[in-house]
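Keep the viewer open while you read.

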Amino acid sequence: MLFEVWAPRARRRVTLHVDGAAYAMEPDPVRVGWWCCSAPASVGSRYGFALDGGPLLPDPRSRRQPDGPDGLSAVVSPSRFAWRQEAWPGRPLAGAVLYELHVGTFTGEGTFDAAVERLGHLAELGITHVELMPVCPFPGTHGWGYDGVAPWAVHEPYGGPDGLVRFVDAAHAHGLGVVLDVVHNHLGPSGNHLPAFGPYFTDTHHTPWGAAVNLDAPGSDEVRAYFVGSALAWLRDYRLDGLRLDAVHAFAGTRPRHFLAELSAAVDGLARRLGRPLFLVAESDLDDPVTTAPREAGGHGIHAQWNDDFHHALHTALTGESRGYYADFAADPAHALAKTLRGGFFHDGSYSSFRGRRHGRPLDTRTTPAHRLLAYSQTHDQIGNRALGDRLSARLSPGLLACAAALVLCAPFTPMLFMGEEWGARTPWQYFTDHTDPALAEAVRKGRRREFAAHGWPEEEIPDPQDPATRDRSCLDWSESERTPHAELLTWYRQLIALRRTAPELTDPHWTYDALSVTGPPRPLVHFRRGPYDVVVNLGDRPAELNVAAREVIASWRPMSPPAPDGTLRLPPETAAVLR
């Protein structure tokens, strides 16, 4: 078997160790910094590399780390994966409904195989794509996944590579696409061995996690190829349908071609070769249309991006929160919600008090389909980065949760749910870690408490990230979905998603509304018309009257009468309806 490694920092020699035997590697005569050799090995063989007589290190392109990030790598052969769904045609982004899922807390077992048992629920709900939070190896057993350190491998406690194959295969059997959240902007603080091999990071730029991934300094050609290759491997070898790219605003570089443009071109090329749709979704806080603009128009060619502006507008309208980045939205929630429904970005060059400067650029709604923006009322970030990890269900009535669902699922964007949202789960989703380094664990614990103490939270109230109970509290309680009022909310989500599937006007990516009005205060009253459908949402605690064109109530959270002959509709408080 041929073994290769890019190790330009090896000055004299690189030694391959496979199943206890050592083999001297030779410099590649063509590729600078590459070392290679052949050695007997088979699937499951343990191996690693020693540079200049140093310690044995895992393969930077390891597909499996059976003993964690610091252990030896294991040989994996994607060609030998056992697939049952051979004819999967793929599912495109347009018209999709995504569902963000954390493998470690979706079930109490926290494994791919346990998650498979719940895929029928998602198919019945009407979900089209499951978006898995990161599954790359990280220290310990439980964590969010954003401290991963092996971007080509699968976390062993979840089930490793074979477990992911079984999950994707089962999802496809249910008609569900699978999207994976990948982290290319940094690696975790423990178990990262890449710097020993080469200049994967650079001090030229800095990020919230330290030195930036090297996308423009010497050696950046290989670093870019490393992350592009990882992305293609997930899509090709694990038959994934798309990738979510974490915090792309942290990609720093001065090269003429942005890394995202290079990545999107490679993914589009792979889609053509495979004959099925593939897509990339970026998380970006830049409010910059260049992210999703076509490459031929000077953009990065990413297929969609998360839209936090819509979330913030909706969140302030629902809760009245006004701290931090919510301040600008909370100043006039009705205006903020109307602006994001009409144009996507709230900050389109406007002043951001949170940043102390102008922020963003306008999105050209004439050339940008609305499905290129993801809309949501909750995500792992917006829940888990709160002090107590409390969901909207902890402080909103079922009626307001139903209103949020209607705005997310009936707007022209691509909707995304966070696991358990569909029944108003009361379980929190808190920040939890399982760092094996005691010093790092203590630093994370103190840092978390210090962060929220600055905002007035008593330190003793902040959950300990390292306490196993913090993770356990974050696991979904599936029995909730069968009880009142959760079961009623679940029925409402199913009804709205089914309506999206049968009403093409609700998934039309054009930004045109036959009518759009958001009035307030106190709490906004929302009305928009798309084709023959009127969507009305009353966030207030009193009945409201408005004029609609449609006459038939086809979905409503609370029982309500049809409009009067003159089109006047009386809408109960904290309720939403769709009329045709």
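In this predicted model, helix α8 passes helix α12 in a right-handed crossing. Their axes cross at roughly 155° and come within 11 Å. With 145° as the cut-off for antiparallel, that makes α8 roughly antiparallel to α12. On the α8 side, the residues that meet the partner helix are Phe310, Leu314 and Leu318, and on the α12 side they are Leu400, Ala404, Leu407 and Val408. By class, this contact has 7 nonpolar residues, with no polar and no charged ones.

What about α8 itself? Helix α8 runs over residues 308-319, and at 1.5 Å a residue its 12 residues should span 16 Å; the end C-alpha atoms are 16 Å apart, so the two agree. Of those 12 residues, 10 are buried, so α8 is largely enclosed by the rest of the structure. The buried set is Asp309, Phe310, His311, His312, Ala313, Leu314, His315, Thr316, Ala317 and Leu318. Which elements do the buried residues of α8 pack against? They pack against α9 (327-330), α10 (333-343), β19 (373-375), α11 (380-384) and α12.

Now turn to the other partner of α12. Helix α12 (residues 398-410) also packs with helix α15 (residues 486-502), at an angle of about 15° and with the axes 10 Å apart. That is under the 35° cut-off for parallel, so α12 is roughly parallel to α15. The crossing of α12 and α15 is right-handed. From α12, the contact uses Pro398, Leu401, Ala402, Ala405, Ala406, Leu409 and Cys410; from α15, it uses Leu489, Trp492, Tyr493, Leu496, Ile497 and Arg500. By class, the contact of α12 with α15 has 12 nonpolar residues, no polar ones and 1 charged one.

Next comes α10, one of the elements that the buried residues of α8 pack against. In α10, 8 of the 11 residues are buried, so this helix is largely enclosed by the rest of the structure. Those residues are Pro333, Ala334, Ala336, Leu337, Ala338, Thr340, Leu341 and Gly343. Their cover includes α8, α9, α12, β21 and β22. Just after α10, Gly344 takes a positive phi of about 85°.

Two loop residues are worth a click. His371 sits in the loop between β18 (357-359) and β19. Is His371 buried or exposed? Its relative accessible area is 14%, under the 20% cut-off, so His371 is buried. Setting aside neighbours within four places in sequence, His371 is in contact with Leu93, Ala94, Ala304, Pro412, Phe413, Thr414 and Pro509.

Trp457 is in the loop between α13 (438-453) and α14 (468-473). At 30% relative accessibility, Trp457 counts as partly exposed. Trp457 and Leu388 are 69 residues apart in sequence, and their C-alpha atoms are 9.9 Å apart in space.

Most residues other than glycine have a negative phi, and most peptide bonds are trans. Here are the exceptions to look up.

| Where | Backbone feature | Value |
|---|---|---|
| Asp19 | positive phi | about 50° |
| Glu574 | positive phi | near 45° |
| Gly520 to Pro521 | cis peptide bond | omega near -5° |
| Pro521 to Pro522 | cis peptide bond | omega near 5° |

Asp19 is in the loop between β2 (14-18) and β3 (21-24). At 52% relative accessibility, Asp19 counts as exposed. Glu574 is in the loop between β26 (568-571) and β27 (575-579), and at 16% relative accessibility Glu574 counts as buried.

Terms used:
Residues numbered from 1 in each chain as written. Predicted model: local features only at pLDDT ≥ 70, side-chain atom pairs only at ≥ 80, totals over all residues. Heavy atoms only, no water. Axes fitted to C-alpha atoms, helices over the stretch in contact; angles between N-to-C directions. Helix = DSSP H or I, 4+ residues; strand = E, 2+ residues; numbered from the N terminus. Parallel < 35°, antiparallel > 145°, perpendicular 65-115°, else oblique. Left-handed = near helix turned anticlockwise from the far one by under 90°. Contact = heavy atoms within 4.5 Å. Nonpolar A, V, L, I, M, F, W, Y, C, P; charged D, E, K, R; others polar. Expected span 1.5 Å × (residues − 1). Buried < 20%, exposed > 50% of the residue type's maximum accessible area, 1.4 Å probe, protein only.
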